[in-house]
Amino acid sequence: MRGVLYPQGIAAGHCIHGRGPGFAEALDDLRGNWAQARSLADQNSIRRMALAIIEITGDQGECADAALRGAGFDQGQIERLGALACSEATRLAAGGPFRIIALTGANAQAAGLPVPAVITHETPLGG
């Protein structure tokens with residue numbers, strides 16, 4: 001039995017395979033391979049986000065979540081990986097600690113943020 005996932009669509013060329021003698025085994029293999037692919041993608045996203053945080057902070061004096069969304073990151077990535085990216089940015093560059101400021105007002109509402117927040121490498125996500 002074989003299963004294939006196309007996370008970016010079938011035309012993108014990238015796929016994740018799972019194989020096994022039966023459906024359950026193939027699904028377990030697919031889940032394991034998906035977890036490995038996600039972990040690698042997260043590591044790459046953390047590095048890219050850290051570099052974006054450094055650049056945005058250098059240009060604007062602070063890094064707002066809206067600026068990161070403008071740099072191609074979605075709100076889910078910012079919430080899930082932001083603290084790790086801030087820690088990586090602090091490790092990579094002088095001038096830290098770096099942080100992400102969640103905007104209030106229309107930008108925050110568009111992102112689904114109910115209250116102002118700051119994400120730093122010291123602040124656990126969600127609080």
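Helices here are DSSP runs of H or I with at least four residues, numbered from the N terminus. In this predicted model, helix H1 gives the largest pocket seven lining residues, the largest share of its lining. The chain has 127 residues, with four helices and five strands.

**Fold**
- From the N terminus, the order of elements is β-β-α-β-α-α-β-α-β.
- Among contacts with a separation of 6 or more, 49% join residues 24 or more positions apart.

**Largest pocket**
- Two helices, H1 (23–60) and H3 (75–92), each supply at least two lining residues.
- By type, the lining splits into six nonpolar, four polar and three charged residues.

**Burial and surface**
- Buried residues account for 33% of the chain.
- The accessible surface is about 7600 Å².
- Carbon and sulfur atoms hold 54% of that surface.

**Confidence**
- The average pLDDT of the chain is 83, and 81% of the residues reach at least 70.
- Residues 123–127 fall below 50 in pLDDT.
- In the model, this stretch makes seven contacts beyond near neighbours in sequence.

Note on methods: Residues are numbered from 1 along each chain as its sequence is written. This is a predicted model: local features need pLDDT of at least 70, side-chain atom pairs count only at pLDDT 80 or more; totals for chains, interfaces and linings use all residues. Side-chain values use heavy atoms; hydrogens and water are left out. Ala, Val, Leu, Ile, Met, Phe, Trp, Tyr, Cys and Pro count as nonpolar, Asp, Glu, Lys and Arg as charged, and the others, Gly among them, as polar. pLDDT is the predictor's confidence in each residue, from 0 to 100. Contact means heavy atoms within 4.5 Å. Buried means under 20% relative accessible area, exposed over 50%, partly exposed in between (1.4 Å probe, protein chains only). Accessible areas come from the Shrake-Rupley method with a 1.4 Å probe; for residues, only the protein chains shown count as cover.
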